[in-house]
Amino acid sequence: MPTLIHPTAVIAESAELHPTVQVGPYAVIEEQVKVGAGTTIGAHVVIEGPTEIGSGNRIFPGAAIGIEPQDLKYAGAPSWVKIGNNNKIREYVTVNRATYAGESTVIGNDNLLMAYVHVAHNCIIEDSVVIANAVSLAGHVKIESKAVIGGVLGIHQFVHIGQMAMVGGMSRVVRDVPPFMLVEGHPCLVRSLNLLGLKRAGLTSEDLAILKNAFRILYRSGKLFSEALEELELLSENRYIQELHQFLSLSLGSKRRGPMPGKMSKGVKLEEVDN
């Protein structure tokens, strides 16, 4: 049988690789790295620790994972990158460790990170997220499951992107993106529901009708945002409405960027929020 580890790869003795892991030419895997079954690591990939990578992942040539954060506050603390299962991490993706001891940058399961994506310190990417080419995530960004991020854009630190949302390419994302919405622009605005994504996710016609009504209340009624949020709370016991209301309510908190407005939104200013 041919070896699964190319003879030019450099692997620290303390690194823990499952026997089924494949490692390509000139890859470097340093200490405190653990890689699960069936993961493929391409040529010239660099993985530093502490880093944990699950099973069934494909890491393409030139990716750099577990490198120390690009954060002036970083002082050498033993922080982590933790990656789940069945992710595709394409060419030259960079995933940095968290800033402080014991903290983690986290990537869940079944995600696709296309070429040149940057995932900064303390980011959280949940499951089944697609991030297109040349997207930069600043520190502490959170992307919820089944979101789709268009290419060549930047996401401000501490921004949260809700589940099943879609962000159009070449946008400037400085505010929280509500779940189920399609946003784009410079600066970004909420444009519509992410109808195609919601249908692909299996939402029923009843769910879609309720979300369309919620969209009209929030972004087309001309109400103050606080008034629209109160009306949304009374709208339905539908779980998607409850998730939307909870996301928007939390987005108004002091440690968040604030919700992204729509074209006709009142009470939500476009100016950036100080952290």
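A residue is called exposed here when its relative accessible area is over 50%, and buried when that value is under 20%. Bear in mind throughout that this is a predicted model.

Begin by selecting helix H3, residues 225–235, and colour Glu230, Glu233 and Leu234, the exposed residues carried by the face that is turned away from the buried side of H3. Then turn to the buried side itself, where Phe225, Ala228, Leu229 and Leu232 are found. These four residues lie on the same side of H3, because the arc they cover around the axis is only 100°.

With H2 and H4 both displayed, look at how they pack, at an angle of about 30° and with their axes 10 Å apart, which makes H2 roughly parallel to H4.

Now show the side chains between these two helices. From H2, select Asp207, Ile210, Leu211, Ala214, Leu218 and Tyr219, which meet Tyr240, Ile241, Leu244 and Leu248 of H4. Colouring this contact by residue class gives 9 nonpolar residues, 1 charged residue and no polar ones.

Finally, move to strand E14, residues 104–107, and select serine 104. Is serine 104 buried or exposed? Its relative accessibility is 19%, and therefore serine 104 counts as buried. To see what surrounds it, display Trp80, Lys82, Ala98, Asn122 and Cys123, with which serine 104 is in contact once its neighbours within four places in sequence are left aside.

Terms used:
Residues numbered from 1 in each chain as written. Predicted model: local features only at pLDDT ≥ 70, side-chain atom pairs only at ≥ 80, totals over all residues. Heavy atoms only, no water. Buried < 20%, exposed > 50% of the residue type's maximum accessible area, 1.4 Å probe, protein only. Arc of directions from axis to C-beta. Axes fitted to C-alpha atoms, helices over the stretch in contact; angles between N-to-C directions. Parallel < 35°, antiparallel > 145°, perpendicular 65-115°, else oblique. Contact = heavy atoms within 4.5 Å. Nonpolar A, V, L, I, M, F, W, Y, C, P; charged D, E, K, R; others polar.
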